Amino acid sequence: MNPGVMTVYRWELTKLRYQKRTYLGLGAAVLVPILFVVATHFRHRGPDDVPFGSYITRSGLAIPLVILLFGAVWMFPLITALVAGDIFASEDHNGTLKTIFTRSLERGQIFMGKTLAASTYAIVAILLCGTVAVIAGSIQSGFNPLQSLSGTIVSAPKALELVYVSLLVYLIPIAAIVCIGLLLSSITRNSAAAVVGTLMVSLVIQLIGILPGLTGLQPYLLSTQFSAWQGLLRTPIDWAPIVRAAWVCALYGLPALAAAYLVFLRRDVAGG
Amino acid sequence: MNPDALAPPPPIEVRGLVKRYGDLTAVAGVDLTVDVGDVYGYLGPNGAGKTTSLRMMLGLIRPTAGTVRLFGRDPMLSVDALNGVAGFVEAPTFYPYLNGRRNLELLAAFDGGDAPTRIDRALETVELADRARDRVGGYSHGMRQRLGIAAALLRNPKLLLLDEPATGLDPAGMRDMRVLIRRLADQGMTVLLSSHLLTEVEEVCNRVAIVRSGSIVYEGEIAALKRGAGTSYRLETTDDERALAVCRAQPGISDVRRQHDKISFVADEPAAAELSQALVEAGALIRAMAPQTVTLEDLFFSLTEGSGDPRATPPAQEQTAESVR
């Protein structure tokens, strides 16, 4: 069988299974919602200053949504960066680029396989976090109907569906973070620098959003797109923030991905 | 019809290869040809540009100028040029968190075809079958070198490029590596072996390129290099200072060196006879003058440290096939 992108993809997933950082990120994705539910249990009330914060004691389905809001600050960018920032840089660290570049795969195929693997990891982390939050939240506060942002009551099964669609919409800015992580991984050739750098990019963009005089930029900041899923929780559904998230995130992600691709394709493998 | 047009292209053909990093020229116009069946030594001191040349041959770095062809194909254009080619540059590298077998499975998957069916045999060839389930992170340097050979064998190569394969190995490991390379060559594999271990090269290679400061100063057969080198003599006299001056002034005498209370030089037989007469006339009486066996090491140092003495070259009539630069 001729090797291709899917060969690389499968082996990247295998390699992830053997690396500690994979479990560090996924562990955080599991632990954070559990800790959040435990804190809610003892506090008997949720954070009132965020959407759905005041509902978490009435419906467990509000808990994954609140975690999505809090996770946007650094948790999900960090979990995403743990793999995206490492996936090329670790090859430099191990000196293995020369090993895989001298087999029968084109560099472009290797790049695509790695990109798919980093994206898969991010998707798994978000869905895992959301699922744990749904289960833990439902145990704590019950599998109850949820009040939408428009004030209407959404049945529990419908709310569950909306939670999962929200997780998918949340993946749009996460995909942009993956691309930035891949770019930094490719450029810096240093895992720690790429992981921290990706997180810093995410934080700096959030800081720009709160600087006085720059509020006009808010709709076009990557950090804002982490709230796009809220359009799904309105009646009727507001698609505008979701559509905007798609193109704004594409503006952040695609140039980064293209630059990462070119760097990876053209680089000299002089070390290792 | 030109018969050359029908001949298959050689395993390696390098022309005018140059690599510059800013002001530093790592490789300065290398030309070499490795023919089918050669075990070709690529010799040079550390920093001479051997590894950089090998990286360009494997398509890992882009040449500043010049061309590389592997079986007539350009490795910079497509990885297809590496079909039938395998090897490693510097130490072979693997994923330390995977075991040896798993690393080979990954590389075999990246090779495609029937490479996965060769894993067991490759592990047995390099005598790592019993350690294949251990994580590579726990392997010794020698084990990694052998795993590197195993990884190369998965591709069932017709051409093997090995960069310092014996470096860091203990004497037994070095011997085993030489035996392995010789065995692979006997099976019909063409091998390019970069090394600074001259005994290793002398033992396993039939042809060499000697590189100095990024340029090749000799390319050809080791036997021809030795034949062309003239004979090395060791001289002891009653007045070494005067003898040294006479040697340096005497035509036909080259590579004159003083080593403690002895003088060494390279000359052919008539030149040595004329020198003995000149020494007597100068008052430096000869205590002993004995021819020495020239080793590849002697020739290597004369080419890479000295002035690239022209005596250390093959005869003129052989310079069409084996060139001296």
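A residue counts as buried if 20 or more other C-beta atoms lie within 10 Å of its own, as exposed if 12 or fewer do, and as partly exposed in between, with C-beta atoms placed from the backbone. Keep that in mind for helix 3 (residues 62-71) of chain A: eight of its 10 residues are buried, so the helix is largely enclosed by the rest of the structure. This is a predicted model, so local features need pLDDT of at least 70 and side-chain atom pairs count only at pLDDT 80 or more, while totals for chains, interfaces and linings use all residues. Residues are numbered from 1 along each chain as its sequence is written, and chains are lettered from A and ligands numbered from 1 in the order in which they are written.

**How confident is the predictor?**

- The complex gets an ipTM of 0.90 and a pTM of 0.84 from the predictor.
- Chain B has a mean pLDDT of 85, and 90% of its residues reach 70 or more; pLDDT is the predictor's confidence in each residue, from 0 to 100.
- Helices (H or I, at least four residues) and strands (E, at least two) are DSSP runs, numbered from the N terminus.
- Take care with residues 309-325 of chain B, where the pLDDT is below 50; this stretch has 37 contacts in the model beyond near neighbours in sequence. Where pLDDT is low, the predicted coordinates should not be read in detail.

**Chain B at a glance**

- Chain B has 11 helices and 14 strands, and its C-alpha trace spans about 75 × 50 × 40 Å along its principal axes.
- Buried residues make up 46% of the 325 residues in chain B.
- Chain B splits into domain 1 (8-225) and domain 2 (230-293), with bounds that come from an automatic or database domain assignment. The C-alpha centres of these two domains of chain B lie 42 Å apart.

**Helix 3 of chain A**

- The buried residues here are Ala62(A), Ile63(A), Pro64(A), Leu65(A), Val66(A), Ile67(A), Leu68(A) and Gly71(A).
- What do they pack against? Their neighbours are helix 2 (20-43), helix 4 (75-84), helix 7 (107-141), strand 1 (146-147) and helix 8 of chain A.

**Where the chains meet**

- Chain A gives 24 residues to the contact and chain B gives 20; two residues are in contact if their C-beta atoms, placed from the backbone, lie within 7 Å.
- On the chain A side, helix 1 (5-17) and helix 6 (97-101) are the elements that give two or more residues. Helix 6 of chain A supplies the largest share, four residues.

**Strands in chain B**

- Strand 1 (residues 12-21) and strand 2 (residues 24-34) of chain B pair in the antiparallel sense over eight bridges; strands pair if DSSP finds at least two bridges between them.
- These two strands of chain B form a hairpin with two residues between them, and Gly22(B) in the turn has a positive phi of about 65°. Tyr21(B) has Leu24(B) as its bridge partner in strand 2 of chain B.
- Strand 1 of chain B also pairs with strand 4 (residues 65-70) of chain B, antiparallel over five bridges. There, Ile12(B) is partnered by Leu70(B).
- Strand 6 (residues 159-163) of chain B is mostly covered, with five of its five residues buried. Leu159(B), Leu161(B) and Asp163(B) point one way, while Leu160(B) and Leu162(B) point the other.
- On strand 6 of chain B, four bridges make a parallel pairing with strand 5 of chain B, and five bridges make a parallel one with strand 7 (residues 190-195) of chain B.
- Val85(B) stands opposite Leu159(B), and Leu161(B) stands opposite Leu192(B).

**A closer look at Val89(B)**

- Val89(B) sits in the loop between strand 5 (85-88) and helix 3 of chain B.
- Is Val89(B) buried or exposed? Val89(B) is buried, with 28 other C-beta atoms within 10 Å.
- Val89(B) and Asp163(B) are 74 residues apart in sequence, but 4.8 Å apart in space, C-alpha to C-alpha.
- Leaving out residues up to four places away in sequence, Val89(B) touches several residues, including Lys98(A), Thr51(B), Leu54(B) and Asp163(B).
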